[in-house]
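Please look over the model shown here before reading the points below.

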Amino acid sequence: MFWCVVLICLVQVFPALGQKYTFAHYDIDDGLIQSQVNKFTMDKDHRLWIAPFGGACRFDGKEFSGYSRQNGLPNNYVSTIFSDRAGHVWFGTLDGLAMLSAGKIISYKPIASQKHNIVTDIIQDTNGTIWVVMSYGLFKITGNQMEPVTFDDSSKVTTIAVDKTGKLYAAVYGKGIYSLNHGRWEYSTPFNGKYEQLAVRKMLFDKFDAQKAYLLTWKGLFYTNNNQVMPYAPKQIANVKGQLLCIEQDEYKNIWIGTDNGAYCLMDDDVIHYDSSNGLTDISIADIYVDGDNNIWLGSLGNGLYRCEGSRYVTFDGTQGLPESKIIMAITKDWNDHIVLGADGGGLIRYDGKKLSNIPTPPNSKYLAGIQCLYTDKNKTVWIGTSQAGLWQYDQKGFRSIKGSDEIAYHAITADGNGVIWLATSLGCYYYEKGLLKQLDGVPEYSSSLVSTGKDSVFIGTQNGIVLLVNKKVVQTYNQSFLKNSAILTMIKYRNQILIGTDDRGLFVWNLENNHLKRYTVKDGLKANTIYSLVTDEADHVWIGTGKGVNQMKFDSVADKFMIIDNSGSKEPVFETNQNAILYKDHQVWVATTKSVMVYNTRVQTKSPSPPHIIIENVKLMPQISKSQDTAFSYLTDGVTLTYNQNHLAISFLGIYLKNPSSVSYRYKLVGLDSTFCAPVKNNVVEYPMLPPGKYTFRVKAISPDGKVSPDTANFSFEIVPPFYKTLTFQISAVLFFVLIGFGLQNIWHHSKIQRQQAIEAIKQEEKIKIRQQTAEDFHDDLGNKLTRISILTEILNAKIDQTKADQHGLVDQIKQNAAALYNGTKDILWALDPKSDNLYETLLHIKEIGIELFQDVPVDFEFNKIDDNLKQVKLPMEYSRNITMIYKELLNNTLKHADAGQVILHWAYADKDEISLRLTDNGKGFNDSTLSKGHGMHNIKARAKRINAELIIISEEGKGTSVELKFKKIL
């Protein structure tokens with residue numbers, strides 16, 4: 001129905017024009033390996049595969065990639081090609097079958113030898129089985145084998161096909177159509193009567209009617225219905241001239257037929273013949289193919305391949321009557337609603353709907369040929385602005401020159417609501433009213449565009465922004481600073497907005513109500529940032545003439561912005577439009593360019609194309625930046641693991657969009673590095689030069705010009721392993737190592753400190769010992785001598801005193817006794833000062849000697865157990881030996897004075913391995929605990945025990961004696 005609608009539109013819109021259709025053409029100049037195309041297919045990545053005579057080609061929308069005998073094909077003559085659901089590509093050649101899988105081509109040979117090995121058909125059924133027709137024989141691919149399938153000894157299979165369900169059908173010459181049902185061949189449609197010898201070249205199942213199949217034969221086009229063969233639309237087929245070569249059905253139910261004289265499109269009620277006269281070619285069309293994105297491809301036998309891009313426009317150029325080498329600079333309508341074209345150097349040309357004709361001009365208007373702008377006012381008068389011949393009026397009465405308009409170049413003409421004519425010129429702004437031409441003061445010298453916004457308001461575009469006129473006066477307070485330094489080439493009013501085209505800053509949309517301004521450039525889909533012309537159509541769409549072609553856009557009221565409509569294909573010609581040379585009339589947009597006049601049909605609405613498909617082409621491991629001499633790179637596979645210094649990657653990706661590949665943009669992110677997808681970009685290669693170690697997944701999606709996003713996201717995962725010194729195991733080990741090192745150093749430092757302290761203590765101790773020894777010696781020598789001298793002097797004194805003086809002799813005896821007692825007391829001090837006494841053996845020995853001396857002249861039996869020589873190794877600080885000695889000296893004295901004991905025993909023992917026990921026991925009268933704290937001696941004993949951290953245990957009971965035990969830690 002689509003093409004039917006298109007045809008009706010074209011008949012109505014272009015009734016007298018030779019219809020020119022738009023085909024994108026690709027040939028060997030574009031990279032095609034050979035120009036004779038036999039067959040098409042599309043792989044799962046939506047890339048087009050072509051089977052020409054010189055090998056096979058893959059087309060991704062940007063470039064062709066060739067496969068030939070050098071890549072492993074059995075023969076360069078590729079007769080057919082097919083892509084299966086698994087992504088394998090099958091090639092049927094003059095010398096057998098081959099398959100491309102994972103970049104490698106595998107050849108297949110039949111089990112039995114064949115006289116000829118030309119493959120003409122390849123198909124896949126619903127079970128995924130590949131079937132092949134080779135030299136009129138049917139083969140089934142099983143593993144790496146081609147198994148022959150026979151119906152009888154004489155059967156010749158001419159073609160095979162599958163229906164919508166994947167059920168396989170085979171056309172057998174002279175017999176009919178067979179179908180494969182659950183592994184058994186069934187006779188589906190017999191060829192009887194006049195169709196008995198029907199040779200089916202191609203079989204196509206209707207995409208919308210499951211009961212219908214088309215049979216393309218040498219005798220014409222037939223179809224099957226209810227297992228009956230019938231001729232297809234004889235009246236339509238009568239218009240198809242030449243040999244029928246291929247057949248296809250598009251998404252609008254139209255049947256396409258390739259012949260040896262171009263192609264035909266069979267619609268419900270008409271036939272369109274495509275040949276060289278309307279955009280295609282007269283050469284044979286061997287295959288027509290509708291791909292997965294509903295692009296229609298036509299393969300010719302000598303002129304490459306074509307893609308049909310619809311019937312959006314026709315072209316007026318020199319072949320249709322326009323002046324050669326003359327540029328159309330202006331377009332308007334006359335009083336008869338005919339199109340009037342103004343040519344620079346070519347005068348005026350009228351198109352009345354049937355033909356182009358020159359409009360005679362006055363003989364004295366030599367320079368009227370240099371037309372720059374045209375405008376038709378409300379009275380149907382055509383105003384003509386020229387570059388050298390001034391301003392003219394043209395109506396049914398003829399031409400009239402406007403007085404005083406000479407020597408002014410006119411760029412644009414319009415009228416306000418009051419009918420005043422406004423003119424933008426090279427000398428500023430003029431207006432024409434009541435037969436007088438007047439110049440407006442305050443307008444820059446060069447003005448280039450005009451738009452009226454009311455009865456008395458006009459905007460003037462200049463080389464430095466815009467100027468507002470109200471009541472023929474410049475509004476001085478008007479603020480348009482946002483357009484300063486912009487050359488304004490064209491303007492129109494659109495609803496409550498002014499659309500402003502500039503020379504290099506794109507299109508500005510200025511909302512007059514809120515003073516908001518939006519800008520649109522090539523980044524938004526415009527073909528160029530130079531905007532020459534603007535016009536609206538019946539659908540309120542805006543048509544934009546740019547420096548590189550025509551754009552169309554529509555306003556989205558919800559989003560409050562314009563959307564660029566994708567109204568172009570990859571092969572649309574690039575042309576520069578002319579300033580203010582655009583016109584809308586009766587569903588046509590006329591656009592003047594530097595090469596021709598394009599007439600667009602606004603009723604042809606192209607169906608929204610499918611979104612692009614995205615693939616990752618390759619991932620390269622690049623040499624390190626520091627290694628500038630190393631230029632080698634290697635390709636990586638998905639899931640690869642890399643070392644820490646393999647961290648410079650270049651990733652290439654491609655959005656497969658065969659309609660217009662250059663318009664695809666991309667958004668990508670590297671999971672593990674990026675948190676969000678990047679903004680849309682055109683570049684399809686990204687480099688990551690210094691990636692840190694980690695796990696990454698590169699994700700990319702493609703976006704079409706109209707904002708459709710690829711249904712799938714292409715992914716590539718990889719991991720960069722950190723160096724061993726950055727691994728968690730190493731880091732934990734390193735931490736533990738340094739902790740241990742720290743502990744070790746701390747321990748060494750601590751031991752060193754202790755050793756230093758011990759050394760210092762040893763030095764101090766040695767000094768103490770020396771001091772003690774020296775003190776003991778000095779004290780002994782000095783004090784001993786003096787006490788001896790006292791003793792001797794007392795004896796001399798005692799001898800000289802009269803014997804009768806008993807009191808004097810008593811005093812002398814007391815002096816002698818005190819001196820002797822003092823001498824005995826100093827022996828303990830001297831013993832304590834002697835460093836040799838600083839061990840347990842000497843201490844116990846000294847206590848024993850004190851006890852023996854104390855009890856030798858009294859009737860008390862004193863016992864002390866044997867002192868072990870090993871106790872010499874038990875060192876005691878000086879305060880220990882001194883305090884222990886004084887404790888037991890006091891205890892022995894107390895025993896002698898107060899106990900009335902007959903036996904005193906002092907016994908040492910090991911309380912445990914680190915503790916010494918000294919126990920003093922007697923069999924005296926004992927005492928009560930209440931009297932224990934009254935004497936000063938017992939306080940001193942307890943104080944000394946506490947001083948050396950010793951435990952003092954006193955057990956006594958009246959009449960049963962006393963036991964005193966001292967426990968203290970030994971020091972080795």
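**Notes on the model**

1. Strands β66 (residues 903-912) and β67 (residues 915-922) run antiparallel and are joined by eight bridges. A hairpin of two residues links β66 to β67, and His-907 has Arg-919 in β67 as its bridge partner. Strands are DSSP runs of E, at least two residues long, numbered from the N terminus; two of them pair if DSSP finds at least two bridges between them.

2. This is a predicted model, in which local features need pLDDT of at least 70 and side-chain atom pairs count only at pLDDT 80 or more, while totals for chains, interfaces and linings use all residues. Residues are numbered from 1 along each chain as its sequence is written, and side-chain values use heavy atoms, with hydrogens and water left out.

3. β66 also pairs with strand β65 (residues 861-864); these two run parallel and share four bridges. Glu-863 stands opposite Ile-905 in β66.

4. How many cavities of 30 Å³ or more are there? The count is one. A cavity is a set of points, on a 1 Å grid over the protein atoms alone, where a 1.4 Å probe fits but cannot get out. Points are joined across faces, edges and corners, and a volume is the space filled by probe spheres set on them. The largest cavity has a volume of about 90 Å³. Its lining residues (an atom within 4 Å of a point) include Val-509, His-516, Tyr-520 and Phe-562. β49 gives the most to this lining, with three residues.

5. The second largest pocket holds about 1200 Å³ of space. A pocket is an open set of points with protein on both sides within 12 Å along at least five of seven lines. Of its 37 lining residues, the closest to the centre are Phe-82, Ile-123, Val-162, Glu-248 and Tyr-289. Strands that give two or more residues to the lining include β2 (37-42), β14 (157-162) and β26 (285-290).

6. Thr-281 sits in the loop between β25 (271-274) and β26. Is Thr-281 buried or exposed? Thr-281 counts as buried because its relative accessibility is 5%, and buried means under 20% relative accessible area (1.4 Å probe, protein chains only). A polar atom of the Thr-281 side chain lies 3.2 Å from the backbone nitrogen of Ile-283. Leaving out residues up to four places away in sequence, Thr-281 touches several residues, among them Tyr-274, Asn-303 and Tyr-306; contact means heavy atoms within 4.5 Å.

How values were computed. Buried < 20%, exposed > 50% of the residue type's maximum accessible area, 1.4 Å probe, protein only. Polar contact = N/O pair within 3.5 Å; in protein donor to acceptor, adjacent residues only side chain to side chain.
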